[in-house]
Amino acid sequence: MTAVALTSPRPVRDSWTMLRRNLRQMVRYRSLTLMLIAQPLAFMLLFVYVFGGTMGPGIRGGDGRGDYLRFIMPAIVVMTIASVSLSTTYTIALDTEKGIVDRFRTMPIARSAVLAGRVLGAVVQTVVALVVVLAVALLLGYRSGGTILGWLGVTGLVLLMTLSLTWLTVGLGLAAPNAETASNTPLPLMFLPFLSSGFVPTGSMPVGLRWFAEHQPFTPMIDTLRAWMGGASPGSDAWWAVGWCLLIGVLSFWWARRLFARPQAT
Amino acid sequence: MSIPTAVEVSELAMSYGDVDVLRGLDLTVPTGTVYALLGPNGAGKTTVVRILSTLVPADSGRAAVAGFDVARDAGDVRRSIGVTGQFSAIDELLTGRENLRLMADLAHLRSAESARRVASLLARFDLDDAADRRASTYSGGMKRRLDLAMTLVSRPRLVFLDEPTTGLDPRSRRELWRLVRELVADGVTIFLTTQYLEEADELADRVGVLHQGRLVAEGTPSELKRLVPGGRVEITFTSPSGLAAAAGRVRNAGVDEAALLLTVPYEGDFACLQSLVTELDGASVVSFEVRTPDLDDVFLALTGHAVRPVLPTEKPEAVR
């Protein structure tokens, strides 16, 4: 055999190539990209305009729709992150089903690049979606009482949450037998924010549900975001939030890597 | 230094659950030749390609590709090969050009070289006009051509083609054969799997017949065809009397009275065919078919029974 053109794997360059491919797909697959942004927006409008008038006075120190928007904003942010990561499950499963992942596997590229490109793409997509969601919230009259430091904290936690949830959904996508199943398996992620401190104070829930809401991972994340966005200190919630993110992220990362390295029978 | 053998497989075994897909496969493909692995669905052809292309480890046995062990030196194997699978592994959201650029980027080509390579492949694979259209709009034949072009971006010296023309219309099939022959002319070693004797005959230097996880025959296409009874003409009649009358006139004919079928050996000699036609009474003939030997005939000759799927499904289910 004569010399071949391919050189040794370059993880950074290969990840960059994969990221560009995924960004291009996002632009091309417009309906999916728009749906991801539309979903949290629809929930925001629904909660503010349909439920907000009644719910606003129900929260501590709350009055009208504006206060309720301020209360649910962290939950809307979490739903945006969840919404984007859901699509990752689908696109990963679609790639695997279509055989292009097998093509990548037979090439001398850094294997981590295939997944890393997907995760980085999800981060970019989340940032874009969050900018749109925040812009609409501002138009609806959202005003944050947060400090610059608080918003830096929000940014950091949002990135951490995006990474950990995306690795989880990458794992779900690789574990799914086909793309169709993959589009359904992570749906609980969209529902969990409802069973948290996101839309109503957990104190208003019946005992069993309240216990669940207070101990599920999204609650400290939402409480931390709410504190920083409102100019308060999150206290120990911040540590819980970061802890949950690291736990979910590291386990999912390990799981996804294992699934990707697993021999593909068919 | 001697040129390593392109593919060297010994005692390869593989099972999915209770199903033994490969049971001690041995084969050798010298560098610069075309080898066709011929077999029906479920014979284990795809499994062989998946093992040789490092996608799945074998249960036992040894497989070396371009001189590298597929289990120990997977990275070196991947650097030496290109793989085009049974289903087009292309990104349908990207255009043809973008798909090729993706491969060029992953092969770490410099941008000027990458542009040249992509342009030349688009021209060679007759995808120029469709280069900037999304691959999802391509026909089956175009997708297959793009798939092969993507495999060739990195100039592999050994290419695996898993059933490259299954599902293609005859014109696209001939077009793909032409492209494969061009590769061969460039000195690329080809390992292909196929269900079609005709395809193996068209392309391969050597053919291995895979049956129940083992090679049951191996040789040049003409050696293989010598093992197989030649072609035949099958004539169906309207009535037993028409059949009997024709059977009396035609020599060496096989008679199937239940099916009203007369089978006459045919080796491609036109004069024979012409004289056969004059022997027949047109009014009593329902159909007249010229058959060339196909995979069924190969298997009938080699294994004593017709092609039957070894497995209940087309492919073994994934073990997940």
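The structure is a predicted model.

**View 1. B:Thr54 in the loop between helix H1 (45–52) and E4 of chain B.** B:Thr54 is not a glycine, although its phi is positive, at about 70 degrees. The residue has 24 C-beta neighbours inside 10 Å and so counts as buried, the cut-off being 20 or more.

**View 2. B:Glu163 in the loop between strand E7 (158–162) and H6 of chain B.** Phi of B:Glu163 is also positive, near 45 degrees, in a residue other than glycine. Around B:Glu163 there are 22 other C-beta atoms within 10 Å, and the residue is therefore buried.

**View 3. An open sheet of 4 strands in chain B.** The strands follow the order E2-E1-E4-E5, and their pairing is antiparallel. Strand E2 (19–29) and strand E5 (68–69) are at the edges with a single partner strand each, so each has one side without a neighbour in the sheet. Between strand E1 (residues 7–16) and strand E4 (residues 60–65) of chain B, the antiparallel pairing extends over 5 bridges. Within E4(B), B:Arg62 is the residue opposite B:Ser10. Strands of a sheet pair through backbone hydrogen bonds.

**View 4. Strand E3 (residues 34–38) of chain B and its parallel partners E8(B) and E9(B).** E3(B) is mostly covered, with 5 of its 5 residues buried. In a regular strand the side chains alternate between the two faces of the sheet. One side of E3(B) holds B:Val34, B:Ala36 and B:Leu38, the other holds B:Tyr35 and B:Leu37, and all are buried. Strand E8 (residues 189–194) of chain B pairs with E3(B) in the parallel sense over 5 bridges, and here B:Thr193 of E8(B) stands opposite B:Leu37. Strand E9 (residues 206–211) of chain B also runs parallel to E3(B) and is joined to it by 4 bridges. B:Val209 in E9(B) is the bridge partner of B:Leu38.

**View 5. Helix H5 (residues 140–152) of chain B beside helix H6 (residues 170–185) of chain B.** The two axes come within 10 Å and cross at roughly 15 degrees. At that angle H5(B) is roughly parallel to H6(B), because angles under 35 degrees count as such. The crossing of H5(B) past H6(B) is right-handed. On H5(B) the contact is made by B:Gly140, B:Gly141, B:Arg144, B:Arg145 and B:Leu148, and on H6(B) by B:Ser172, B:Glu175, B:Leu176 and B:Leu179.

View 6. H5(B) has 13 residues and reaches 19 Å from its first C-alpha to its last, close to the expected 18 Å. The helix is mostly covered, as 11 of its 13 residues are buried. Among the buried residues are B:Met142, B:Leu146, B:Ala149 and B:Met150.

**View 7. Helix H1 (residues 11–28) of chain A.** H1(A) has 18 residues and spans 25 Å from its first C-alpha to its last, close to the 26 Å expected. Its buried residues are A:Asp14, A:Ser15, A:Thr17, A:Met18, A:Arg21, A:Asn22 and A:Met26. An α-helix has 3.6 residues a turn, so residues three or four places apart point the same way. Covering the buried residues of H1(A) are elements of both chains, including helix H2 (30–58) and helix H5 (111–139) of chain A and helix H3 (96–106) of chain B.

Notes
Residues are numbered from 1 along each chain as its sequence is written. Chains are lettered from A and ligands numbered from 1 in the order in which they are written. This is a predicted model: local features need pLDDT of at least 70, side-chain atom pairs count only at pLDDT 80 or more; totals for chains, interfaces and linings use all residues. Helices (H or I, at least four residues) and strands (E, at least two) are DSSP runs, numbered from the N terminus. The expected span of a helix is 1.5 Å times one less than its number of residues. A residue is buried if 20 or more other C-beta atoms lie within 10 Å of its own, exposed if 12 or fewer, and partly exposed in between; C-beta atoms are placed from the backbone. Two residues are in contact if their C-beta atoms, placed from the backbone, lie within 7 Å. Two strands pair if DSSP finds at least two bridges between them. Axes are lines fitted to C-alpha atoms, for helices over the stretch in contact, and angles run from 0 to 180 degrees between N-to-C directions. Angles under 35 degrees count as roughly parallel, over 145 as roughly antiparallel, 65 to 115 as roughly perpendicular and the rest as oblique. A crossing is left-handed if the near helix is turned anticlockwise from the far one by less than a right angle, and right-handed if clockwise.
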